[in-house]
Amino acid sequence: MPGLPSTPAADQATTPPARRRIAKVAFASWVGASIEWYDFFIYGTAAALVFPRLFFPAQEPLTATLLSFTTFGVAFVARPFGGALFGHIGDTIGRRKTLVIALVAMGAATTLIGLLPTYSAIGAAAPVLLVVLRLIQGITVGGQQGGVILLATENSPASRRGFYGSLASAGAPGGVLLANGAFLLVLATTSDEAFLAWGWRVPFVASILLVAVAVTIQLRLEETSDFRAARTGERRRSPVVEAIRRHPRQVLLAAGCYLAINLTYYQFITFVVAYGTNPAILGLPQGTMLTAIMIASAVELVGLPAAGLLSDRFGRRQVFAAGAVLLGVFSFVFWPLVDSGSFALITVALVIGLGLVHSLMYGPQGALFSEAFSTEVRYSALSLGIQLGSVIGGAFAPFIATALLKGFGSSTAIAAYMAGACAISAACTIALRPARAAA
């Protein structure tokens with residue numbers, strides 16, 4: 001307002017970066033995240049559809065699925081190491097350069113999976129090599145996730161941080177659409193025999209082209225304004241050590257917040273595919289489940305920025321906590337809808353669960369987490385929190401869901417598992433507070 005003294009906070013609010021520059025950065029964040037998540041998610045789809053038969057053929061179907069989902073889960077164990085490694089790099093040399101390194105490493109690992117011989121060709125070495133490459137995927141996705149969030153949020157005005165941060169989160173449904181679309185295209189153009197023989201490899205090898213596009217876009221961006229402003233003097237300690245020393249409580253609370261995001265997400269996009277297509281459960285066509293997930297992911301592309309805008313209006317914690325509570329309740333509705341075996345009801349269940357309610361958590365999370373930490377160690381602290389939450393939440397979520405189904409013989413146990421995680425995340429969200437420098 002006229003007559004008020006100028007302050008840095010007021011300047012940030014009244015003179016935000018040019019809209020064109022913000023839009024360019026937000027688009028680059030979304031593209032980079034979409035391609036990185038595409039690489040990560042095609043593994044989950046393949047783990048549900050083909051890896052049990054190609055890499056664990058000596059096991060009975062449900063056991064083979066358990067083993068396949070175990071290889072899926074090892075990436076999550078590696079993600080905190082990736083968060084620490086790339087967090088250190090990102091807080092030292094910058095967000096943009098770090099993201100380029102992560103994208104290239106992810107693309108290389110994904111392409112090599114597409115070229116990997118199966119169990120019938122090299123025996124036990126095949127699943128071992130599969131695990132090694134999956135670990136590399138985990139390290140790189142653990143490094144890029146915090147970076148794309150900061151690329152978006154650190155270049156946006158505080159009053160719109162929820163909206164622009166949600167565009168980085170929108171890389172996840174973008175990746176799902178790309179991944180499932182690639183598999184649906186291959187399934188539609190190959191026979192079952194050809195798909196198992198070589199068709200499943202096409203989405204993996206195609207990664208190298210997508211990564212080239214993402215790297216080209218990233219290299220044209222400038223470093224974030226917050227990082228440039230905070231880069232004063234030499235650091236005496238590792239950013240990771242400093243993050244743990246300054247923000248131990250916030251790191252653990254961020255992990256608790258992310259627990260439900262990650263756990264429920266992989267029930268929606270990975271486990272439900274195995275659940276629906278398993279002949280002993282629903283026995284639905286692969287295309288039925290993949291199409292339903294794609295429709296829900298398309299809705300989520302709209303739901304995420306809407307949730308980000310809500311968080312700018314009503315507060316990050318309020319919107320996030322509301323989403324956690326609603327999703328915990330909806331978990332007990334979701335599985336009966338899936339158990340109906342109806343494509344229409346399965347799609348409705350995924351649209352509500354993933355596209356709408358999950359978005360209330362996933363949309364504001366970028367702004368919520370970035371505002372919880374000081375700029376100097378933000379990449380490290382944010383990455384540690386998110387990746388610790390991913391280990392606890394998503395690492396073995398499909399595996400645990402499969403074990404619960406095998407042990408209890410009912411999807412109700414899976415619903416209770418999801419609801420418990422949502423309760424924990426709601427409580428952690430209420431307790432999480434922004435850092436003074438980010439407030």
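Buried means under 20% relative accessible area, exposed means over 50%, and partly exposed lies in between. These legends describe close-up views of a predicted model.

View 1. The side chains of E242 and R245 meet in a salt bridge, at 3.0 Å from N to O. Both residues belong to helix α14 (residues 239-246). They are three residues apart, so about one helical turn separates them. R245 has 49% relative accessibility and therefore counts as partly exposed. E242 is buried, with a relative accessible area of 11%. This pair is one of four salt bridges in the structure.

View 2. R316 pairs with D312 in a salt bridge, 2.5 Å from N to O. R316 also meets the side chain of E371, here at 3.0 Å from N to O. This second pair links distant parts of the chain. R316 lies in helix α17 (residues 316-339), while E371 sits in the loop between α19 (365-370) and α20 (378-393). The two are 55 residues apart. Shared partners join R161, D312, R316 and E371 into one network. R316 is buried, with a relative accessible area of 11%. E371 is buried too, at 11% relative accessibility. D312 has a relative accessible area of 22%, so this residue is partly exposed.

View 3. The whole structure holds 23 aromatic pairs. One of them joins F41 and Y266 edge-to-face. Their ring centres are 6.1 Å apart, and the planes make an angle of 70 degrees. The pair links distant parts of the chain: F41 is in helix α2 (residues 19-49), and Y266 is in helix α15 (residues 248-277).

View 4. F163 and Y164 form an edge-to-face aromatic pair. The centres are 5.1 Å apart, with 70 degrees between the planes. Both F163 and Y164 are buried. R160 lies over the face of F163, 5.0 Å from the ring centre.

**View 5. An arginine over the ring of F314.** R313 lies over the face of F314. The distance to the ring centre is 4.9 Å.

View 6. The sulfur of C257 has its closest cysteine sulfur in C428, at 5.5 Å. The search of the whole structure finds zero disulfides. C257 counts as buried because its relative accessibility is 0%. C428 has 14% relative accessibility and counts as buried as well.

View 7. Helix α9 has 19 residues (residues 171-189). At 1.5 Å a residue, the helix should span 27 Å. Its end C-alpha atoms are 27 Å apart, which agrees with that expectation. Buried residues of α9 include G171, A172, P173, G174 and G175. Among the others are V176, A179, N180, A182, F183 and V186.

Technical notes. Residues numbered from 1 in each chain as written. Predicted model: local features only at pLDDT ≥ 70, side-chain atom pairs only at ≥ 80, totals over all residues. Heavy atoms only, no water. Helix = DSSP H or I, 4+ residues; strand = E, 2+ residues; numbered from the N terminus. Expected span 1.5 Å × (residues − 1). Buried < 20%, exposed > 50% of the residue type's maximum accessible area, 1.4 Å probe, protein only. Disulfide = S-S within 2.5 Å. Phe/Tyr/Trp six-rings, centres within 6.5 Å; stacked < 30°, edge-to-face > 60°. Lys NZ or Arg CZ within 6 Å of the ring centre and 35° of its normal.
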